[in-house]
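Me: I have a model open and would like to go through a few spots in it with you. Could you take my questions one at a time?

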Protein chains: 2
Amino acid sequence: MASFSTLAYFPSTTMRCSSNRARYDPNKKSLNNIKINGTSTKSTTKVDMASTLASVSTENGYISEQQVRQNIPTTKQSVDHYRQAMSIEGGVGYRQRVVIRSYEVGPDKTATLESILNLLQETALNHVWMSGLLSDGFGATHGMMRNDLIWVVSRMQVQVDHYPIWGEVLEIDTWVGASGKNGMRRDWLIRSEATGHVFARATSTWVMMNRKTRRLSKMPEEVRAEIAPWFIEKQAITEDVLEKIVKLDNKAKYLNKDLKPKRSDLDMNHHVNNVKYVRWMLETIPDQILEAHQLTSIVLEYRRECGSSDTVQSLCEPDDDGILKDGLKQEKETSLGNRFSLAAEILEGNGFIASFGKQPLRYTHLLHIDGESQHEEIVRARTTWKKKKKKSL
Amino acid sequence: MASFSTLAYFPSTTMRCSSNRARYDPNKKSLNNIKINGTSTKSTTKVDMASTLASVSTENGYISEQQVRQNIPTTKQSVDHYRQAMSIEGGVGYRQRVVIRSYEVGPDKTATLESILNLLQETALNHVWMSGLLSDGFGATHGMMRNDLIWVVSRMQVQVDHYPIWGEVLEIDTWVGASGKNGMRRDWLIRSEATGHVFARATSTWVMMNRKTRRLSKMPEEVRAEIAPWFIEKQAITEDVLEKIVKLDNKAKYLNKDLKPKRSDLDMNHHVNNVKYVRWMLETIPDQILEAHQLTSIVLEYRRECGSSDTVQSLCEPDDDGILKDGLKQEKETSLGNRFSLAAEILEGNGFIASFGKQPLRYTHLLHIDGESQHEEIVRARTTWKKKKKKSL
């Protein structure tokens, strides 16, 4: 279980909300009318949570030099001009426009999976920022701080139907919901700004850990009271049964040894960056497979965090028995939640239906610490791939 | 000499301009009035190159699906709403607002040098895009294409006075100018959006290479006629004499061997990314030095490009005799061109004057191919460092 608190920080303000939409709304609110900066604009009146703003009071009147430089809102806001973002879902969800930059794409001129993971982290953090939280961004709720609790991520799943191209304009939505009795879910939806087509979906599960004892914790009632108003039930990915990821051992077909984190791999928490984990895992797959295939899905199960002094092994095993099952599961999910995406796939002739006979590949992954007596698990994962279509750029 | 054409692509439209400002103008044009999207805004009337737009005709009426997705302008524009950017300097310069993202900062919560280099590349490319160039972004001018010429970068220099913090809003200006008879210069200025203080300056030198013979070329007259109207004389960094970077040999104090590019290190040209070079060089400096110091300047001299199959060595030598000289040079440059920055340094007590007695460190670097009989140089560099001030975040 890794303390990737960079993915789920939670606003400390408490607000009531009633929005509860079960699926993607094609009449989506648009960012097109937002000014980049400055005073309130006409568009804010279109945002239906504007009326709730008056009930929020700033809990800390002090604005630091850092906050001025960062342009962090001191009260909950419905629009962030600097980040081209706005509140959605009755004020509890977040939508940000991003443009894929030249250094976020790979040799094929489409965004790398790592870039997509980076953007998920970024929008999650910005969601919290826009809430008006006056901490350094790593804060839990007040109730969590009183109880020495932090968020840790236990599971993450990303499905990519289309990789955005260099310069493409995206809209990324993110929101949180309940996960069981003691957990939280954070979901994301990445759409093309030009067409509205869904390019990618992601979901993650978070639990609370005591910062001192490093043990997992139930959610205290006072914390539930703080965060429950932010929960909405909409899910980016509908999955009936979570498939278990088997634990690999040293008989795995592919093995990369002696992986050592470098300074540039550490994040603000001085832990190895989540994205670095994925890079280590993908680099264990032979290049000729990576070149001919495109990742369509990754599921990560986090076990413990990796520090800067750890030496890591990356294990990887091809997983051939999941081909048909995976194809059927994909069909079910698509029919449930992703009609836009399915339409796009059919139109472009390169998606689910076209790839059904192409035998998608699956791999099971494991990163563990290279200890003297035992190997402590860092993260298990499963990746699903499809044949690359002919280069379109 | 590396074909880092990603840094200097040049617009193919020809436009007259007369702007020629020698230094940073505090009455800078502001991005604050730009709308994110859509129709022309009131602010465009403030941009003094608007009247020149009428003279530009679209040379290719066809708009591809890719262009729609990327929102590439089909004619020269003064404002790019998606990238929060606008033309400056009479229409030939470019200004973009960017926010430092959570994954662009290191463990100290300030932007990494690599992130800054990435943003220089990004703004240079976007400058060309906004010109209305209808290519895939790798295009030279029409005259260059007729002569089989491409741009290659020969030198790059970056000075960082302040590292922006996580979430900080920046304005990055970039423009091009003449360099000698046959070269081109591209400069950048990075300022705090909140205060206007200059955080970083950069300059680069570009020459033309024949794509087939791989030999350097003079600038043909027809090409000069195309690009000269875009040149302005303003320089981000004033340097009287270019100091030569000595060539290191295997007696260098620090050496990293067996560096192999990975798939994720390759850019859209299938060459090793410029930023990866810098990472390799900096990782050769011992961690305890990196942790206590902050890079203030880097000069890179490119010799040849590095392909995906090359094995690279990184050499590094501390350079103690440059301490006093470097301090004096820094004083001169500061007094010439960077009054805002100097004022900020004095105010914060951590800048040039305060650090004058602190013995700035310098290192000489070399990356070369680990060949069997000889080592071909990829890039030489020199880095200058100062002691880190106490953590402010």
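Me: Is D310(B) buried or exposed?
Reply: In this predicted model, D310(B) has a relative accessibility of 16%, and because the cut-off for buried is under 20%, D310(B) counts as buried.

Me: Where is D310(B) found in chain B?
Reply: D310(B) is in the loop that runs between β10 (293-302) and β11 (312-318) of chain B.

Me: And what does the side chain of D310(B) make a polar contact with?
Reply: The side chain of D310(B) makes a polar contact with the side chain of R304(B), at 3.4 Å, and a polar atom of the D310(B) side chain also lies 2.8 Å from the backbone nitrogen of G307(B). Leaving aside residues up to four places away in sequence, D310(B) touches L259(B), K260(B), P261(B), R304(B), E305(B) and I369(B).

Me: Switching to chain A, how many residues of helix α5 are buried?
Reply: Nine of the nine residues in α5 (residues 274-282) of chain A are buried, so the helix is largely enclosed by the rest of the structure; among them are K276(A), R279(A) and W280(A).

Me: What caps the N-terminal end of α5(A)?
Reply: That is N273(A), with a side-chain oxygen 2.6 Å from the backbone nitrogen of V275(A).

Technical notes: Residues numbered from 1 in each chain as written. Chains lettered and ligands numbered in written order. Predicted model: local features only at pLDDT ≥ 70, side-chain atom pairs only at ≥ 80, totals over all residues. Heavy atoms only, no water. Helix = DSSP H or I, 4+ residues; strand = E, 2+ residues; numbered from the N terminus. Buried < 20%, exposed > 50% of the residue type's maximum accessible area, 1.4 Å probe, protein only. Polar contact = N/O pair within 3.5 Å; in protein donor to acceptor, adjacent residues only side chain to side chain. Contact = heavy atoms within 4.5 Å.
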